[in-house]
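Hello,

Here is the structure I promised to pass on to you. Have a look at it first, and then read on for a short tour of what turned up.

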Amino acid sequence: ILRTHYSGEIRPEMDGSEVTLAGHVHEIRDLGGICFLVLRDREGLAQVTVLTKRADRKLVETVRGVSRESVVLVRGRVKAEPKAPNGFEILPEAVEVLSRADSPLPLDPTGKVGAELDTRLDARFLDLRRPASMAVFKIESAVMRSLRNTFYEKGFIEVCTPKIVATATEGGTALFPISYFEREAFLNQSPQLYKQILMATGLDRVFEIGPIFRAEEHDTRRHLNEAISVDVEVSYADHEDVMSLLENAVSSAYRYVSEICEKELQILGVDLDIPKTPFRRITYTEALEMASESGRKSMEWGDDIDTETEHYLGSLIGEHYFLTDWPSSVKPYYTQPYEDKPEICKGFDLMHPSMELASGAQRVHDYELLISRIKEKGLNPESFEFYLKPFRYGMPPHAGWGLGLARLVQTMLGLENIRDAVLFPRDRRRLVP
Ligand code: ATP
Ligand code: AMO
């Protein structure tokens with residue numbers, strides 16, 4: 001490793017010690033007798049100060065000649081300096097340019113010149129040099145770490161299921177077909193069928209954090225064509241059990257981020273409110289009543305809750321909540337109907353006031369019931385043979401959910417567009433970078 005320290009690790013108390021920093025040239029300010037090179041690395045900025053009359057002539061030439069955003073290695077001494085940002089500067093002994101940046105730059109990473117989302121995504125490698133862009137992904141990493149911690153603490157096993165598959169899962173959203181040697185195949189839209197099959201193995205409680213692919217044509221602020229889904233499946237559990245797992249996982253992720261990402265939250269200007277558990281539970285029927293009381297357009301029992309109503313409920317409730325007890329007709333075939341009232345089912349959605357974050361359910365584990373539910377949805381059980389077989393040889397009752405990672409981060413940080421929470425988003429118009 002070439003560097004000894006990140007900028008953020010240097011303190012004025014280190015006055016006199018020799019360090020080597022490496023990073024991009026954030027800024028050059030040449031005032032004649034004194035020249036400042038501000039170096040940026042992942043953890044912050046460091047001011048490198050060159051007294052041009054006294055310093056080595058070659059070093060002065062190098063600093064004056066380097067272009068913004070070039071990659072440099074700076075070896076020098078720390079000097080406590082109250083006038084410098086963060087109270088220190090580096091007096092360089094050697095400055096080496098490791099990689100020169102062309103100019104003009106396609107994007108200004110200092111953020112002084114604003115840019116549209118599309119321009120930023122086109123030059124994402126430069127955009128991510130902006131502390132505010134990078135902060136989102138440091139936080140996303142903390143979110144994944146917290147979720148994994150929660151799962152491991154609760155005895156889950158992490159699994160990886162195939163993304164190249166032969167059939168649809170949800171029977172609703174469109175699939176991306178791919179050519180697979182002589183056969184047709186698809187990119188998987190959810191690990192649903194595989195995580196359920198794993199319940200027949202005795203693995204008992206599994207989770208996966210992996211990509212899902214959906215050929216949805218719409219262009220919204222919360223839909224992507226490739227998204228990361230956080231999926232769990234738990235044997236001998238019902239919908240209540242996994243709702244409680246979900247609210248705890250979400251609340252813990254907020255708490256963890258608030259503890260370890262203070263700097264990043266500050267950069268983004270976000271003041272995190274940790275959602276209190278348990279989250280409110282609102283049944284589908286109650287939600288319909290709340291919506292109709294408002295005198296807005298009324299919905300029929302059995303309709304899916306539309307985006308407009310979702311937003312209205314969100315503004316009324318103002319915090320995370322669960323929508324439960326959906327009509328069986330609205331939820332996928334694998335959702336368990338209530339035994340005493342089969343027209344409603346044990347499916348649920350986790351809602352943030354601004355959008356849906358997760359869906360889940362207790363699943364049908366009875367083979368015959370599953371076959372009839374598949375037929376009721378107008379699907380052909382024969383195309384689900386590989387999925388159905390395990391249900392004939394000992395399938396425990398089970399429940400689970402899928403949570404959209406980018407939506408969790410988007411809503412946590414109040415990001416306008418889901419694309420801001422994805423390094424290289426895929427949508428109808430965007431396939432590169
Ligand atoms: P599901 O879990 O039902 O597949 P989802 O998780 O993909 O949904 P949701 O936020 O629940 O995402 O999106 C479904 C809702 O989004 C539907 O109510 C639909 O009416 C609405 N919707 C879909 N496309 C658009 C669009 N282009 N503009 C506004 N709303 C849309
Ligand atoms: P669902 O289809 O509701 O449920 O997906 C679960 C969650 O994944 C996220 N998500 C998306 N995020 C961004 N762009 C998309 N196009 C997109 N599609 C889905 C959302 C959503 O709430 N098999 C069930 C889960 C289960 O029951 O375990 C499923 O896939 O946050």
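Before we start, please keep in mind that this is a predicted model.

**The whole chain**

Let's begin with the overall picture. The protein chain has 12 helices and 18 strands, and its C-alpha atoms fill a box of roughly 85 × 55 × 40 Å along the principal axes. There are 433 residues, and 50% of them are buried. The accessible surface comes to about 20,900 Å², with 51% of that belonging to carbon and sulfur atoms. If you take the contacts in the chain with a separation of 6 or more, 64% of them are between residues 24 or more positions apart.

**The sheet**

Next, find the open sheet. Its 8 strands come in the order β6-β10-β11-β18-β17-β16-β13-β12, and the pairing is mixed. Which strands stand at the edges? They are β6 (157–158) and β12 (280–283); each has a single partner strand, so one side of each is left without a neighbour in the sheet. As a reminder from class, strands of a sheet pair through backbone hydrogen bonds, either parallel or antiparallel.

You can see the parallel kind where β12 meets β13 (residues 321–324), with 4 bridges joining the two. To find the spot on screen, look for R281, whose bridge partner in β13 is F322.

Helix α6 (residues 239–260) lies across β11, β12, β13, β16, β17 and β18, and runs at about 30° to β18. Helix α12 (residues 405–413) also packs on the sheet, where it touches β11, β16, β17 and β18. The direction of α12 makes about 135° with that of β17.

How many of the residues of α12 are buried? The count is 9 of 9, so this helix is largely enclosed by the rest of the structure. Among the buried residues are R407 and Q410, along with L405, L408 and M412.

For the antiparallel kind of pairing, go to β14 (residues 337–338) and β15 (residues 341–345), which are linked over 2 bridges. A hairpin of 2 residues joins β14 to β15. Within this pair of strands, Y338 stands opposite K341.

**Aromatic rings**

Now for the rings. A pair of aromatic rings is described by the distance of the centres and the angle of the planes. Across the whole structure, a search finds 15 aromatic pairs. One of them is F151 with F156, a tilted pair at 5.6 Å centre to centre and 50° between the planes. F151 also forms a tilted pair with W401, at 6.2 Å and 45°.

The charged end of K331 sits over the ring of W326, 4.6 Å from the ring centre. In the other case, R392 has its charged end over the ring of Y367, at 5.9 Å from the centre.

**Two loop residues**

E81 is in the loop between β4 (71–80) and β5 (88–99). This glutamate is buried, with a relative accessible area of 15%. Leaving aside neighbours within four places in sequence, E81 is in contact with G87, F88 and E89.

P327 is in the loop between β13 and β14, and it is buried at 0% relative accessibility. Not counting residues up to four places away, P327 touches Y284, W301, G302, E343, I344 and C345. For a sense of scale, P327 and E69 are 56 Å apart in space, C-alpha to C-alpha, and 258 residues apart in sequence.

Enjoy exploring!

Best wishes

How values were computed: Residues numbered from 1 in each chain as written. Chains lettered and ligands numbered in written order. Predicted model: local features only at pLDDT ≥ 70, side-chain atom pairs only at ≥ 80, totals over all residues. Heavy atoms only, no water. Pairing = 2+ DSSP bridges. Contact = heavy atoms within 4.5 Å. Axes fitted to C-alpha atoms, helices over the stretch in contact; angles between N-to-C directions. Phe/Tyr/Trp six-rings, centres within 6.5 Å; stacked < 30°, edge-to-face > 60°. Lys NZ or Arg CZ within 6 Å of the ring centre and 35° of its normal. Buried < 20%, exposed > 50% of the residue type's maximum accessible area, 1.4 Å probe, protein only. Areas by Shrake-Rupley, 256 points an atom, 1.4 Å probe, with all protein chains shown as cover.
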